[in-house]
Amino acid sequence: MEIPYYPGCTLKVKATALEQSTVAAFAALNVSLKELPRWTCCGAVYPLMGTRIAGLAAPIRILREAKLMGSDTMVTACAFCFNVLKRANRDIAADPLCKRRINAYLADDVRVDEATNEKIMQWPEYAGEDDVKVLHLLELLRDRVGFGKLSAAVKKPLRGLRVAPYYGCTLLRPKEIALDDPEQPVIMHDLLRSLGAEPVDFPFLNECCASFLSLAKPETALRPSYQIVSSAEAEGAQVLAVTCPLCYYNMESRQSEIREQYPDFKGMPVFYFTELLALALGVSLDQAIGWKDHTVEVRGLLESVGLRDRDK
Amino acid sequence: MRVDLSSDEIRSSLVAEIEELCGQDVLKCYQCGRCSAGCPIVEEMDLLPNQVSRLIQLGLEQEVLNSKTVWLCVSCFMCQSRCPQGVDLPTLMDSLRYLATKRGYDRFGPNEIDRETIMRAPQQGVVSAYRKLSS
């Protein structure tokens, strides 16, 4: 299987653990993720005030690039990008005037073809989700690969590992673009089960981690992360699995700050779900785990469930 | 909280103005409070999300645009997904930030984010903070 892939900015800079494990895991599944030849930032947040359409230019230009690759589907690994791209895709398909305006806006694009040095000034009209469908990696696994087939491909089942699946906001809300039931999602539970791990249900699994408030108001933003991780721990989880780099920052990278503010905070290792996926598929530890991104020690825990590099 | 009501304010154009900006009809809100019950940041807010809707209905522009709440909402959409009346509060908050900025109310700006945090945080966090806080 070959599919256009949009990594987004964060995966190339701060969330290399997510990118590296994604590429390795899907290669192990014989799914070839073809990175778009050219792409920009998607804008990170969806322009909510519909009257200001300039915010649609970046996501629609990215999706048009996937159409130019001749595909009807594009996959993305970042939860923010998924949200922005899928909303833009849906909204222009539903609003003919908006579709016309954004296409008129993007018709002025000029690009120099690096091979021929010729100017490209003609662009196909982009019609929204009727042209290219946006899939998150989790949907690719559920709907195209299939959890049954994935389960059969597992080489090192994560037996005995109790993982709390944290869904966060942008994959589930607004409900119009949700990849699962916004209040009772199961897609990550099912994924973890097919990897041999034990999913641990917890009440905060779809609560917001305070998102970008951790930049604007770093102290104020600690409480939600404290509550989420503590709730997972109270339900008996050993690790938290996340999809989004900003959730990872708030709940992994900031654990020592959480502990300073809430002395009873125990904390726990946090993984991108793709790291666990890669591990279960038999990818080597160094390829599956972005060691430098883990501020919380994870090696001991991985060894306790039988995951160690043979050559070490 | 105590507020002074006047017929001028109640008949002000605030509700219509917001509807034109973002398409949200604030008059649909009947104060069930589900938005506030589910809000992850509510403990830090000076106005509850449902109070924001109520004060807009009463035309109390200053109270709303001066509140911290407007700058604390991170658009997690929990309230939107639970609102029985279909009011999209995150979108409403975006339009309030826009109005507050345009009308010169005291506000939190992205330049208050310290450099160390910017270097440390993921790109999506930096971009979303800048975009949301300068809207």
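Colleague: Which domains of chain A each give at least three residues to the lining of the largest cavity?

Modeller: Domain 1 (2-135) and domain 2 (146-304) of chain A each give at least three residues to that lining; the domain bounds come from an automatic or database domain assignment. This is a predicted model, in which local features need pLDDT of at least 70 and side-chain atom pairs count only at pLDDT 80 or more, while totals for chains, interfaces and linings use all residues. Residues are numbered from 1 along each chain as its sequence is written, chains are lettered from A and ligands numbered from 1 in the order written, and side-chain values use heavy atoms, without hydrogens and water.

The structure holds five cavities of 30 Å³ or more. A cavity is a set of points on a 1 Å grid over the protein atoms alone where a 1.4 Å probe fits but cannot get out, and its lining residues have an atom within 4 Å of a point. The largest cavity has a volume of about 270 Å³, the space filled by probe spheres set on points joined across faces, edges and corners.

Its lining has 28 residues, and nearest the centre are Phe80(A), Thr170(A), Ser211(A), Val74(B) and Ser75(B). Among the helices (DSSP runs of H or I, at least four residues, numbered from the N terminus), α4 (79-94) and α11 (245-253) of chain A each supply at least two lining residues. The largest share, five residues, comes from α4(A).

By class, the lining has 19 nonpolar, six polar and three charged residues. Here Ala, Val, Leu, Ile, Met, Phe, Trp, Tyr, Cys and Pro count as nonpolar, Asp, Glu, Lys and Arg as charged, and the others, Gly among them, as polar.

How values were computed: 1 Å grid on protein atoms, 1.4 Å probe; cavity = no way out; pocket = protein on both sides within 12 Å on 5 of 7 lines; lining within 4 Å.
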